[in-house]
Amino acid sequence: MENILIIEDEKDIAEAIEYNLKKESFKIFKAYDGRKGLKLACDKIPDLIVLDLMLPGLDGLEVCKILKKEPKTSNIPIVMLTAKGGEVDKVLGLELGADDYITKPFSMRELIARIKTILKRCAAKKIEFKPVIKFADLEIDTEKHIVRVLSKPIELTAKEFALLRYLAENKERVYSREILLDSVWGIDVAIETRTVDVHVRRLREKLGKASRHIRTLRGVGYKFV
Ligand code: CA
(Lines give C-alpha, C1' and ligand atoms only; values in the text may rest on other atoms or scores of the structure.)
Protein backbone atom coordinates (compact mmCIF):
# COMPACT_ATOMS: atom_id res chain seq x y z
CA MET A 1 0.00 0.00 0.00
CA GLU A 2 1.47 3.34 -1.04
CA ASN A 3 1.36 6.46 1.10
CA ILE A 4 0.25 9.76 -0.33
CA LEU A 5 0.58 13.12 1.35
CA ILE A 6 -1.97 15.79 0.46
CA ILE A 7 -0.98 19.39 1.16
CA GLU A 8 -4.00 21.56 0.45
CA ASP A 9 -5.52 24.37 2.52
CA GLU A 10 -9.02 24.02 1.07
CA LYS A 11 -10.36 21.39 3.39
CA ASP A 12 -13.21 20.22 1.17
CA ILE A 13 -10.80 19.61 -1.72
CA ALA A 14 -8.29 17.87 0.55
CA GLU A 15 -11.02 15.65 1.94
CA ALA A 16 -12.44 14.85 -1.47
CA ILE A 17 -8.98 13.79 -2.68
CA GLU A 18 -8.47 11.78 0.50
CA TYR A 19 -11.82 10.02 0.11
CA ASN A 20 -11.15 9.08 -3.50
CA LEU A 21 -7.56 7.94 -2.93
CA LYS A 22 -8.60 5.85 0.06
CA LYS A 23 -11.09 4.08 -2.17
CA GLU A 24 -8.09 3.18 -4.34
CA SER A 25 -6.42 1.69 -1.24
CA PHE A 26 -3.83 4.41 -0.75
CA LYS A 27 -2.84 5.42 2.74
CA ILE A 28 -3.30 9.16 3.22
CA PHE A 29 -1.57 11.88 5.25
CA LYS A 30 -3.00 15.38 5.12
CA ALA A 31 -1.72 18.86 5.90
CA TYR A 32 -3.60 22.13 5.51
CA ASP A 33 -0.56 24.37 5.22
CA GLY A 34 2.93 24.33 3.77
CA ARG A 35 4.92 24.06 6.97
CA LYS A 36 2.96 21.14 8.37
CA GLY A 37 3.12 19.54 4.95
CA LEU A 38 6.90 19.84 4.88
CA LYS A 39 7.19 18.33 8.32
CA LEU A 40 4.93 15.42 7.43
CA ALA A 41 6.86 14.85 4.20
CA CYS A 42 10.14 14.58 6.15
CA ASP A 43 8.66 12.41 8.90
CA LYS A 44 6.64 10.00 6.78
CA ILE A 45 8.57 10.01 3.46
CA PRO A 46 5.41 9.36 1.43
CA ASP A 47 5.49 7.70 -2.00
CA LEU A 48 3.93 10.76 -3.61
CA ILE A 49 2.81 14.26 -2.65
CA VAL A 50 -0.22 16.13 -3.96
CA LEU A 51 0.75 19.74 -3.41
CA ASP A 52 -1.46 22.77 -3.80
CA LEU A 53 0.23 25.85 -5.26
CA MET A 54 -1.64 28.50 -3.27
CA LEU A 55 -1.09 27.84 0.39
CA PRO A 56 -1.07 30.20 3.35
CA GLY A 57 2.37 31.04 4.73
CA LEU A 58 4.76 28.85 2.82
CA ASP A 59 3.31 28.40 -0.68
CA GLY A 60 3.43 25.33 -2.87
CA LEU A 61 6.40 26.51 -4.91
CA GLU A 62 8.49 27.08 -1.78
CA VAL A 63 7.48 23.72 -0.38
CA CYS A 64 8.37 22.05 -3.67
CA LYS A 65 11.74 23.80 -3.79
CA ILE A 66 12.64 22.73 -0.26
CA LEU A 67 11.49 19.14 -0.77
CA LYS A 68 13.51 18.79 -3.97
CA LYS A 69 16.64 20.19 -2.31
CA GLU A 70 16.49 17.94 0.73
CA PRO A 71 18.20 14.61 -0.06
CA LYS A 72 15.72 12.73 2.12
CA THR A 73 12.71 13.93 0.15
CA SER A 74 14.16 14.87 -3.24
CA ASN A 75 13.01 11.64 -4.90
CA ILE A 76 9.39 11.89 -3.81
CA PRO A 77 7.26 12.67 -6.87
CA ILE A 78 5.08 15.76 -6.57
CA VAL A 79 1.82 16.52 -8.35
CA MET A 80 1.05 20.23 -8.17
CA LEU A 81 -2.51 21.50 -7.93
CA THR A 82 -3.01 24.95 -9.29
CA ALA A 83 -6.02 27.22 -9.45
CA LYS A 84 -4.37 29.37 -12.07
CA GLY A 85 -4.25 27.96 -15.55
CA GLY A 86 -1.39 30.25 -16.56
CA GLU A 87 1.55 28.73 -18.39
CA VAL A 88 3.98 30.42 -16.04
CA ASP A 89 2.67 28.47 -13.09
CA LYS A 90 2.84 25.23 -15.01
CA VAL A 91 6.39 25.78 -16.17
CA LEU A 92 7.48 27.05 -12.79
CA GLY A 93 6.02 24.04 -11.09
CA LEU A 94 7.81 21.63 -13.37
CA GLU A 95 11.07 23.56 -13.34
CA LEU A 96 11.11 23.31 -9.60
CA GLY A 97 11.04 19.58 -9.94
CA ALA A 98 7.33 18.86 -9.68
CA ASP A 99 6.58 15.71 -11.66
CA ASP A 100 3.18 16.75 -12.93
CA TYR A 101 0.53 19.41 -12.41
CA ILE A 102 -3.19 19.54 -12.69
CA THR A 103 -5.31 22.66 -13.02
CA LYS A 104 -8.31 23.23 -10.79
CA PRO A 105 -11.09 22.39 -11.26
CA PHE A 106 -10.00 18.86 -12.08
CA SER A 107 -11.74 15.52 -12.15
CA MET A 108 -10.81 13.04 -9.46
CA ARG A 109 -10.55 10.38 -12.10
CA GLU A 110 -7.87 12.36 -13.91
CA LEU A 111 -5.93 13.08 -10.72
CA ILE A 112 -5.97 9.40 -9.77
CA ALA A 113 -4.89 8.39 -13.27
CA ARG A 114 -1.94 10.79 -13.12
CA ILE A 115 -0.95 9.60 -9.67
CA LYS A 116 -0.99 6.00 -10.78
CA THR A 117 1.06 6.77 -13.88
CA ILE A 118 3.74 8.53 -11.84
CA LEU A 119 3.88 5.79 -9.21
CA LYS A 120 4.24 3.17 -11.93
CA ARG A 121 7.06 5.15 -13.53
CA CYS A 122 8.82 5.43 -10.18
CA ALA A 123 8.49 1.72 -9.50
CA ALA A 124 10.05 0.98 -12.89
CA LYS A 125 12.92 3.34 -12.10
CA LYS A 126 13.55 1.67 -8.76
CA ILE A 127 13.91 -1.69 -10.47
CA GLU A 128 16.31 -0.18 -13.00
CA PHE A 129 18.69 0.99 -10.28
CA LYS A 130 20.99 -1.91 -9.69
CA PRO A 131 23.50 -1.77 -6.88
CA VAL A 132 24.95 -4.98 -8.28
CA ILE A 133 27.33 -4.81 -11.23
CA LYS A 134 26.96 -8.10 -13.08
CA PHE A 135 29.02 -9.89 -15.69
CA ALA A 136 28.79 -13.48 -16.85
CA ASP A 137 31.14 -14.83 -14.19
CA LEU A 138 31.55 -11.85 -11.88
CA GLU A 139 29.17 -10.00 -9.58
CA ILE A 140 30.04 -6.89 -7.60
CA ASP A 141 27.47 -5.96 -4.97
CA THR A 142 28.32 -2.34 -4.24
CA GLU A 143 25.83 -2.10 -1.38
CA LYS A 144 26.80 -5.19 0.55
CA HIS A 145 30.44 -5.08 -0.51
CA ILE A 146 30.42 -8.63 -1.73
CA VAL A 147 32.13 -9.97 -4.82
CA ARG A 148 31.11 -13.28 -6.33
CA VAL A 149 32.89 -15.29 -8.97
CA LEU A 150 30.62 -17.88 -10.56
CA SER A 151 28.18 -17.22 -7.69
CA LYS A 152 30.83 -18.01 -5.04
CA PRO A 153 31.68 -15.15 -2.70
CA ILE A 154 35.35 -14.23 -2.53
CA GLU A 155 37.09 -12.25 0.14
CA LEU A 156 38.67 -8.99 -0.82
CA THR A 157 40.31 -6.32 1.27
CA ALA A 158 38.66 -2.90 1.27
CA LYS A 159 41.22 -1.54 -1.19
CA GLU A 160 40.98 -4.53 -3.52
CA PHE A 161 37.22 -4.10 -3.52
CA ALA A 162 37.47 -0.37 -4.19
CA LEU A 163 39.94 -0.95 -7.01
CA LEU A 164 37.79 -3.61 -8.67
CA ARG A 165 34.65 -1.52 -8.30
CA TYR A 166 36.33 1.56 -9.74
CA LEU A 167 37.59 -0.31 -12.78
CA ALA A 168 34.30 -2.16 -13.31
CA GLU A 169 32.21 0.99 -13.02
CA ASN A 170 34.39 2.59 -15.68
CA LYS A 171 34.51 -0.36 -18.00
CA GLU A 172 36.73 -0.11 -21.10
CA ARG A 173 38.48 2.99 -19.82
CA VAL A 174 42.23 2.83 -19.42
CA TYR A 175 43.66 4.13 -16.15
CA SER A 176 47.28 4.84 -15.37
CA ARG A 177 48.68 3.72 -12.02
CA GLU A 178 48.85 7.36 -10.91
CA ILE A 179 45.17 7.95 -11.61
CA LEU A 180 44.17 4.74 -9.89
CA LEU A 181 46.19 5.76 -6.84
CA ASP A 182 44.47 9.15 -6.74
CA SER A 183 40.99 7.70 -7.25
CA VAL A 184 41.14 4.64 -5.05
CA TRP A 185 43.74 5.52 -2.41
CA GLY A 186 43.32 9.29 -2.38
CA ILE A 187 45.51 12.10 -3.60
CA ASP A 188 47.09 12.92 -0.24
CA VAL A 189 48.50 9.50 0.37
CA ALA A 190 52.14 9.05 -0.51
CA ILE A 191 52.34 5.54 -1.92
CA GLU A 192 54.42 4.21 -4.73
CA THR A 193 52.61 3.39 -7.94
CA ARG A 194 53.96 -0.15 -7.50
CA THR A 195 51.26 -0.56 -4.84
CA VAL A 196 48.67 -0.59 -7.61
CA ASP A 197 50.46 -3.45 -9.34
CA VAL A 198 50.64 -5.41 -6.10
CA HIS A 199 46.91 -4.97 -5.52
CA VAL A 200 46.01 -5.86 -9.07
CA ARG A 201 48.12 -9.01 -8.80
CA ARG A 202 46.39 -10.09 -5.58
CA LEU A 203 43.01 -9.18 -7.00
CA ARG A 204 43.67 -11.33 -10.05
CA GLU A 205 44.74 -14.26 -7.90
CA LYS A 206 41.54 -14.04 -5.91
CA LEU A 207 39.31 -13.56 -8.94
CA GLY A 208 40.68 -16.69 -10.60
CA LYS A 209 39.02 -17.16 -13.97
CA ALA A 210 37.25 -13.81 -13.68
CA SER A 211 40.65 -12.11 -13.56
CA ARG A 212 40.54 -11.86 -17.34
CA HIS A 213 38.29 -8.81 -16.85
CA ILE A 214 41.28 -6.81 -15.68
CA ARG A 215 43.61 -6.18 -18.55
CA THR A 216 47.12 -4.76 -18.36
CA LEU A 217 48.15 -2.27 -20.97
CA ARG A 218 51.91 -2.36 -20.93
CA GLY A 219 53.44 0.99 -20.05
CA VAL A 220 50.00 2.59 -19.75
CA GLY A 221 47.92 1.09 -16.97
CA TYR A 222 44.85 -1.07 -16.49
CA LYS A 223 41.34 -1.38 -17.79
CA PHE A 224 38.27 -3.48 -17.08
CA VAL A 225 36.85 -5.39 -20.02
CA1 CA B 1 -5.07 26.65 -1.97
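## Domain organisation

Domain bounds, as used here, come from an automatic or database domain assignment. In this predicted model, that assignment divides the protein chain into domain 1, covering residues 3-127, and domain 2, covering residues 132-224. A distance of 44 Å separates the C-alpha centres of domain 1 and domain 2.

## Model confidence

The mean pLDDT of the protein chain is 89, and 92% of the residues score at least 70. Among the elements of the chain, strand E1 (residues 3-7) has the highest mean pLDDT, at 98. The lowest value, 65, belongs to helix H4 (residues 87-95).

## The sheet E6-E7-E8-E9

An open sheet is built from 4 strands in the order E6-E7-E8-E9, with antiparallel pairing. Its edges are formed by strand E6 (132-134) and strand E9 (152-154), each of which pairs on one side only. On average, neighbouring strands of this sheet are turned by 25 degrees against each other, direction ignored.

Strands of a sheet pair through backbone hydrogen bonds, in either a parallel or an antiparallel manner. Within this sheet, strand E7 (residues 138-141) and strand E8 (residues 146-149) run antiparallel and are joined by 4 bridges. Ile140 has Val147 in E8 as its bridge partner.

## Helix packing on the sheet

Helix H6 comprises residues 158-169 and lies across E6, E7 and E8. Relative to E7, helix H6 runs at about 110 degrees.

Definitions and conventions. Residues numbered from 1 in each chain as written. Predicted model: local features only at pLDDT ≥ 70, side-chain atom pairs only at ≥ 80, totals over all residues. Heavy atoms only, no water. Pairing = 2+ DSSP bridges. Helix = DSSP H or I, 4+ residues; strand = E, 2+ residues; numbered from the N terminus. Axes fitted to C-alpha atoms, helices over the stretch in contact; angles between N-to-C directions. Contact = heavy atoms within 4.5 Å. pLDDT = per-residue confidence, 0-100.
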